[in-house]
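The sequence and structure come first.

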Amino acid sequence: MKSVQPATSLSRRTSPIEAVVIGTSAGGLAALGVLVDGLAADRSPLLVVQHVPAHGPTQLVEIFQRKTALRVKEAEDKESIVAGTLYFAVPGYHLLVEQDRSLSLSQDDAVHFSRPSIDVLFESAADAWGPRVAGILLTGANEDGAAGLQAIQRAGGLTVVQDPQEAEVTSMPLAALQRITPDYILPLRDIHRLLREME
């Protein structure tokens, strides 16, 4: 599968990217490590759902604070989203973006056996930011994220899928590609380059 380049480059988009939402599951820690390396500390915020067990500490904040100049934290209910921050969804809670660009946490039913769910984050981000959000779906073992990425595309946002040939687990990227033709299908190194362009 070849990398897909969009007809319109980032510099020619009518709407700038104000936030990036990222979803991943199995194999995601290594993939996220590649993406956040060297990102500017004052860039647009990143919101991440990494499928993790519902109970017990994840150490995601500690792991990734060592890998990036961004401020890294677990999302908190009702907090405002600010630039230069990498937010991780809390284990056992869905992460949503409200219309006022604040965060909310929910214990609604699991989606694709997952809470937090990538679909829930992506769909709420599409509602909140419309064409000003970018969604990135990485390696993972189920279909979570495919419907959410479709919602971002329908809202006019930028859609990116990790090249399944590179993904540690192909199920999530392939599920997304069955639903949509994204703006980009790229290996991690090129997704990282794209994130740098969004700064």
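## Helix pair α4 and α5

The crossing of α4 and α5 is right-handed. In this predicted model, helix α4 (residues 146–154) packs on helix α5 (residues 171–179) at an angle of about 45°, and their axes are 8 Å apart.

On the α4 side, the contact involves Ala146, Ala147, Leu149 and Gln150, which meet Ala175, Ala176 and Arg179 of α5. Sorted by class, this contact has five nonpolar residues, one polar and one charged.

## The sheet

Seven strands make up an open sheet with parallel pairing, in the order β3-β4-β2-β1-β7-β8-β9. The edge positions are taken by β3 (71–74) and β9 (184–186); each has a single partner strand, so one side of each lacks a neighbour in the sheet. On average, neighbouring strands are turned by 20° against each other, direction ignored.

Glu74 stands opposite Phe88 in β4.

## Helices against the sheet

Helix α1 (residues 28–36) lies across β1 (19–24), β2 (46–50) and β4, and runs at about 165° to β2.

Helix α6 (residues 188–197) contains the buried residues Leu188, Asp190, Ile191, His192, Leu194 and Leu195. The buried residues of α6 pack against the strands β1, β2, β7 (133–137), β8 (158–162) and β9, and also against helix α1.

Terms used:
Residues are numbered from 1 along each chain as its sequence is written. This is a predicted model: local features need pLDDT of at least 70, side-chain atom pairs count only at pLDDT 80 or more; totals for chains, interfaces and linings use all residues. Side-chain values use heavy atoms; hydrogens and water are left out. Two strands pair if DSSP finds at least two bridges between them. Helices (H or I, at least four residues) and strands (E, at least two) are DSSP runs, numbered from the N terminus. Axes are lines fitted to C-alpha atoms, for helices over the stretch in contact, and angles run from 0 to 180 degrees between N-to-C directions. Contact means heavy atoms within 4.5 Å. Buried means under 20% relative accessible area, exposed over 50%, partly exposed in between (1.4 Å probe, protein chains only). A crossing is left-handed if the near helix is turned anticlockwise from the far one by less than a right angle, and right-handed if clockwise. Ala, Val, Leu, Ile, Met, Phe, Trp, Tyr, Cys and Pro count as nonpolar, Asp, Glu, Lys and Arg as charged, and the others, Gly among them, as polar.
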